[in-house]
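User: Hey, I've got a structure to go through. Can you walk me through it?

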Amino acid sequence: MPEIRLENVSKLYIAENKRKQYAIQDVSLSISQGEFVFLIGSSGAGKSTLLKLIGGEIPPSEGAVYVDDVNIARFFGPWKARLIRTFGVVSQQTMLIRKRTIMENLMVAGRASGLQRKSRVAAEKALGLVGLPNVADCYPAQLSIGEVRRVELARAMISSPPVLLLDELTANLDDDTIWDTMHLLNELNSRGTTIIMATHASQFVNYMRRRVITLVDGKLFGDVKNGKYGDVV
């Protein structure tokens, strides 16, 4: 199971007026294997960018991101593929292919993760875990937004990655489904999966009482164990 470490990480963009703008600025933190971490903050605080930096989707402008003491900027070729398989990702934007069924989408993800012949069995199991065993032959457009989010979680879980990076997974889910999803994530975490979840769902953050990292304007503003939404010390 990997340990994740960020050292003085910043992500800089150049705005249309050519002014420099930091999405993330000078963030240093460590996430141990098996932790459950909530990333909170207002829209634009840098939560999505931080998840992308952790997963190696984008490189830092300054500083370094380490997985098991290896700078992920040094991962290339087969090592890059191994890094990608470390993370199961649910982004805010759907990653499902519209012209493929849900089963086909999950099997594509399974094969990309090295499952090959076992991809269908793994897909069926993942759909069962998220409470959608009967949507395999549906297309994404036939599902509600909430169902699509749960399929995205199944897609992220299909190869049992050691780390889940979840960006606003609970958006557009009703309270009952959010509770079910949180219980599933809690069960996965109890089995050793590291979960890093960006969310605005304050009541569920307060109920779970896990580590809470708060971002404000791209900067680390709070980092509290067993915290609640809004805790900074």
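User: Which residues in H5 are buried?
Analyst: In H5, the buried ones are Gly146, Val148, Arg149, Arg150, Val151, Glu152, Leu153, Ala154, Ala156 and Met157. Buried means under 20% relative accessible area, exposed over 50%, partly exposed in between (1.4 Å probe, protein chains only). This is a predicted model, where local features need pLDDT of at least 70 and side-chain atom pairs count only at pLDDT 80 or more, while totals for chains, interfaces and linings use all residues. Residues are numbered from 1 along each chain as its sequence is written, and side-chain values use heavy atoms, with hydrogens and water left out.

User: Why is H5 largely enclosed?
Analyst: Because 10 of its 13 residues are buried, H5 is largely enclosed by the rest of the structure. Helices (H or I, at least four residues) and strands (E, at least two) are DSSP runs, numbered from the N terminus.

User: What do the buried residues of H5 pack against?
Analyst: Strands E6 (87–90) and E7 (163–167), plus helices H3 (102–112), H4 (119–129) and H6 (175–190). Contact there means heavy atoms within 4.5 Å.

User: Switching to E3: which way do its residues point?
Analyst: Phe36, Phe38 and Ile40 point one way, Val37 and Leu39 the other way, and all are buried.

User: How many bridges join E3 to E8?
Analyst: 4, and the two strands run parallel. Strands pair if DSSP finds at least two bridges between them. E3 is also joined to E9 (residues 211–216) by 4 bridges, again parallel.

User: And what stands opposite Leu39 in E8?
Analyst: Ala198. In E9, Leu39 stands opposite Ile213.
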